[in-house]
Amino acid sequence: MKLAHIAITVKDLGRSIEFYQKFFGFTVEKEFKRDDLRAKAVMINTDKFMLELGEFRDGKENKDDLNDIKVRGLRHIAFEVENLKESIKNFEGKGLKFSEPKKGASGHWYSYTHDPDG
């Protein structure tokens, strides 16, 4: 088994595409829409994995309903880098802010940032 993709429902598809392209080097693979769901979406990828970004004209903010695909968001996506401090420095040079790096229970160092939807 392998990871196919991660789906994220977003508020503004164009803004989210730009974010993932600018900071993480994703490219648009496929664009599609579902008129029956009042939705448009894209598949974006890097050489490592694919994301599906979807925007619903009647998107919702209710995070409690895990079965409703129109609810925006995701807890987190983890990107692995060679050097965390150097990567943070490079991203912050492009205008992306990060939390202070911390060592997790797994023994790995991590830091958080936010996408355009927070």
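Which residues does Ser-111 touch, not counting residues up to four places away in sequence? In this predicted model, Ser-111 lies in the segment that follows strand E6 (109-110), and the residues in contact with Ser-111, when those up to four places away in sequence are left aside, are Leu-84, Ile-88, Phe-98, Ser-99, Glu-100 and Pro-101. The side chain of Ser-111 also reaches the backbone oxygen of Ser-99, at 2.5 Å. With a relative accessible area of 17%, Ser-111 falls under the 20% cut-off and is therefore counted as buried.

The protein chain as a whole contains two helices and six strands, and these follow one another along the sequence in the pattern β-α-β-β-β-α-β-β. Of the 118 residues in the chain, 31% are buried. Among the contacts between residues at least 6 apart in sequence, 44% join residues that are at least 24 apart.

Four of the strands form an open sheet in the order E1-E4-E3-E2, with mixed pairing. The edges of this sheet are strand E1 (6-10) and strand E2 (27-34), each of which pairs on one side only. On average, and with direction ignored, neighbouring strands of the sheet are turned by 20° against each other. Helix H1 (residues 13-24) packs on the sheet, where it touches E1, E2, E3 and E4, and the direction of H1 makes about 160° with that of E4.

Within the sheet, strands E2 and E3 run antiparallel and are joined by seven bridges, with Phe-32 standing opposite Ala-41 in E3. The hairpin of E2 and E3 has four residues between the strands, and in this hairpin Arg-38 takes a positive phi near 55°. Strand E3 (residues 39-45) is also joined to strand E4 (residues 50-56) by seven bridges, and these two strands likewise run antiparallel; here Ile-44 stands opposite Leu-51 in E4. The loop between E3 and E4 holds Thr-46, whose side chain has a polar atom 3.0 Å from the backbone nitrogen of Lys-48. Not counting residues up to four places away in sequence, Thr-46 touches Phe-24, Gly-25 and Phe-26.

The buried residues of H1 include Leu-13, Ser-16, Ile-17, Phe-19, Tyr-20, Phe-23 and Phe-24. Because these residues cover an arc of only 160° around the axis, they are placed on the same side of H1. Such an arrangement can be understood from the geometry of an α-helix, which has 3.6 residues a turn, so that residues three or four places apart point the same way. The cover over the buried residues of H1 includes E1, E2, E3 and E4, together with helix H2 (84-93).

At the N-terminal end, H1 is capped by Asp-12, a side-chain oxygen of which lies 3.2 Å from the backbone nitrogen of Gly-14. Just after H1, Gly-25 takes a positive phi of about 75°. Glu-18, which also belongs to helix H1, has a relative accessibility of 53% and therefore counts as exposed, since the cut-off for that class is over 50%. The C-alpha atoms of Glu-18 and Pro-116 are separated by 9.6 Å, although the two residues are 98 residues apart along the chain.

In H2, the buried residues are Ser-87, Ile-88 and Phe-91. These residues cover an arc of only 100° around the axis, which means that they lie on the same side of H2, whereas Lys-85, Lys-89 and Gly-93 are exposed on the other side. The N-terminal end of H2 is capped by Asn-83, with a side-chain oxygen 3.2 Å from the backbone nitrogen of Lys-85, and just after H2 a positive phi of about 100° is taken by Gly-95. The buried residue Ile-88 of H2 is also one of the residues touched by Ser-111.

Key: Residues numbered from 1 in each chain as written. Predicted model: local features only at pLDDT ≥ 70, side-chain atom pairs only at ≥ 80, totals over all residues. Heavy atoms only, no water. Pairing = 2+ DSSP bridges. Axes fitted to C-alpha atoms, helices over the stretch in contact; angles between N-to-C directions. Contact = heavy atoms within 4.5 Å. Buried < 20%, exposed > 50% of the residue type's maximum accessible area, 1.4 Å probe, protein only. Arc of directions from axis to C-beta. Polar contact = N/O pair within 3.5 Å; in protein donor to acceptor, adjacent residues only side chain to side chain.
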